[in-house]
Amino acid sequence: EEYGIARRSRITVLPLGLDLDAFARVPRQSGDFRSAHSIAPDVPLIGIVGRLVPIKNHELFLQAAVKVRERLPNACFAIIGDGELRAELEATTARLGLTDCVRFVGWVREVAPVYSDLDALVISSRNEGTPVSVIEALSARCPVVTTAVGGLPDLLDQGALGTLVPTEDVNALADAIVRTVTAPPDTTRAQQLMLDRYGIDRLVMDLDQLYRGILAKKGKL
């Protein structure tokens with residue numbers, strides 16, 4: 001209305017609809033991802049999933065890893081994804097003394113086993129829309145720790161479904177990771193809400209109702 005694009009009544013917003021069945025079915029701590037990357041079953045495993053680009057702020061994730069290791073010396077960190085900053089981030093990892101505990105995994109075709117084995121998924125981004133990785137992780141009952149940017153507070157019900165921390169606050173991020181790993185939250189409700197809100201069946205139903213409503217207005221039903 002402000003920019004004269006269309007009347008509000010002519011716009012319908014449909015949230016993402018994803019096939020989340022594989023994530024809902026995967027058991028917690030299946031061990032497949034850890035085994036593939038030589039990570040012991042009893043090691044705290046914290047991961048980040050996404051493109052290696054500036055807006056994702058992987059450097060903050062690595063800085064937090066240093067502080068997490070001060071309190072959880074055997075913690076391991078998995079960086080899933082690839083991108084333009086990989087070489088730079090690998091150099092940062094070495095400079096921070098994290099080479100022995102950080103795995104650069106690259107792109108993974110089947111990510112359900114990844115979420116299964118993570119003790120926490122982290123998003124350290126400077127901005128986000130509706131990140132699919134959080135929806136997938138919670139659908140697999142993997143706890144999440146994210147920066148409170150973009151659409152994340154709404155996605156996580158203002159922190160009820162996961163831990164939100166201020167952006168660029170390395171201490172807050174590290175503290176939240178340690179709390180989540182040492183006292184894992186019950187993610188049963190979060191899983192069900194993700195399936196209800198972002199499952200593909202809901203999208204199909206929404207589209208069906210939308211088109212039927214449009215056809216009814218045109219007298220076609």
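**Helix packing and aromatic pairs**

Helices α6 and α9 cross in a left-handed way, meaning that the near helix is turned anticlockwise from the far one by less than a right angle (clockwise would be right-handed). The model is predicted, so local features need pLDDT of at least 70 and side-chain atom pairs count only at pLDDT 80 or more, while totals for chains, interfaces and linings use all residues. Residues are numbered from 1 along each chain as its sequence is written, and side-chain values use heavy atoms, with hydrogens and water left out.

**Helices α6 and α9**

- Helix α6 covers residues 132-139 and helix α9 covers residues 188-198; helices (H or I, at least four residues) and strands (E, at least two) are DSSP runs numbered from the N terminus.
- Their axes are 7 Å apart and the packing angle is about 125°; axes are lines fitted to C-alpha atoms, for helices over the stretch in contact, and angles run from 0 to 180 degrees between N-to-C directions.
- This angle makes α6 oblique to α9, because angles under 35 degrees count as roughly parallel, over 145 as roughly antiparallel, 65 to 115 as roughly perpendicular and the rest as oblique.
- I135, L138 and S139 of α6 meet A190, Q191, M194, L195 and Y198 of α9, where contact means heavy atoms within 4.5 Å.
- By class, this contact has six nonpolar, two polar and no charged residues (Ala, Val, Leu, Ile, Met, Phe, Trp, Tyr, Cys and Pro are nonpolar; Asp, Glu, Lys and Arg are charged; the others, Gly among them, are polar).

**Helices α3 and α4**

- The axes of α3 (residues 58-71) and α4 (residues 86-95) come within 10 Å and cross at roughly 15°, which makes α3 roughly parallel to α4.
- The crossing of α3 and α4 is right-handed.
- H58, E59 and L62 of α3 touch L89, T92, T93 and R95 of α4; two of these residues are nonpolar, three polar and two charged.

**Aromatic pairs**

- The whole structure has two aromatic pairs; rings of Phe, Tyr and Trp (its six-membered ring) pair if their centres lie within 6.5 Å, and planes under 30 degrees apart count as stacked, over 60 as edge-to-face and the rest as tilted.
- The ring centres of F23 and Y115 are 5.9 Å apart with planes at 55°, so this pair is tilted.
- F23 is in helix α1 (residues 21-25) and Y115 in helix α5 (residues 112-117), so the pair ties together parts 92 residues apart in sequence.
- Both F23 and Y115 are buried (under 20% relative accessible area; exposed is over 50%, partly exposed in between; 1.4 Å probe, protein chains only).
- F61 and F77 have ring centres 6.0 Å apart and planes at 85°, so they are edge-to-face.
- F61 in helix α3 and F77 in strand β2 (residues 76-80) are 16 residues apart, and both are buried.
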